[in-house]
Amino acid sequence: MEHTCKNCGTEYDGNFCPECGTPAAAVTKRRRKYTAVLVALGALVGFTLGFAACTVYAFSLGIVTFEGGLPAIVIQETIPASTPTPPSSDPATSSVSTAASMPSNGVHSVSLVSVSLIKDYEGRDALDICYDFTNGSSDAISANLAVVIKPFQTGIQLTPAALIDRPTEDLNSTLVEVKSGITIRCHSYFLARSADDPVDIEALDWDTEALLASGTLTITK
């Protein structure tokens, strides 16, 4: 069968032009037809393999089961991760624990020791009130955050005094934290209204103002 090449115009009998190699129109159409068939066949095979793989994976997870020869989808109910699981009501098999806080009322103890006459940084009469503080709470704490010392002379409350010439361990005694059950010797300083009158002292819990200790002490000079 003779053909006329669409590219160079040469007449020839065969599937390709002998001058430029251009294929005949019939060959081109057949190639296009074969290409379309191959693409459709590849798409069908790919879909079949993908569906089979998804079915096998779903079956392994228990999402799909085979009942009566047909696949059936099983819907699984799951609890969201943010939803807490309620505890069992059986005390023999489970227990729920909560953090308990120790009440502060009366947990600390104070023992009054002495009152000494000293001088403040300006040379005025001052009082060194010495007492033992025992931490009764579960946490470490310092005396200045646990106890309030209230001294009185002739019924009038005394004001704190500023000192610079006392031992460092005495000046910092109320600032040092101690653990539960530990006792520390503390010193608190106040301006004296009199060098002779006795001092009435009240030690109160810082949080509740419960009375921890009280007494009347004479001044040691």
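## Salt bridge between D132 and R185

In this predicted model, D132 and R185 form a salt bridge in which the N to O distance is 2.3 Å. D132 belongs to strand β6 (residues 125–134) and R185 to strand β11 (residues 183–191), so the contact ties together parts that are 53 residues apart in sequence.

The two partners can also be described by their accessibility. D132 counts as buried, because its relative accessibility is 18% and the cut-off for that class is under 20%. R185, at 44%, counts as partly exposed.

## Other salt bridges

The count of salt bridges comes to six. One of them pairs K221 with D196, with the closest N and O atoms 2.4 Å apart. K221 lies in the segment after β14 (219–220) and D196 in the loop between β11 and β12 (199–205), so this pair ties together parts that are 25 residues apart in sequence. Both K221 and D196 are exposed.

## Nonpolar surface patch

L41, L44, V45 and L49 make a nonpolar surface patch of about 390 Å². Among these residues, L44 is found in helix α1 (residues 25–61). L44 has a relative accessible area of 52% and is therefore exposed, since that class requires over 50%.

Technical notes:
Residues numbered from 1 in each chain as written. Predicted model: local features only at pLDDT ≥ 70, side-chain atom pairs only at ≥ 80, totals over all residues. Heavy atoms only, no water. Patch = residues over 30% accessible without salt bridge, like charges linked within 9 Å, V, L, I, M, F, W, Y side chains within 5 Å. Areas by Shrake-Rupley, 256 points an atom, 1.4 Å probe, with all protein chains shown as cover. Salt bridge = Lys/Arg side-chain N within 4 Å of Asp/Glu carboxyl O. Helix = DSSP H or I, 4+ residues; strand = E, 2+ residues; numbered from the N terminus. Buried < 20%, exposed > 50% of the residue type's maximum accessible area, 1.4 Å probe, protein only.
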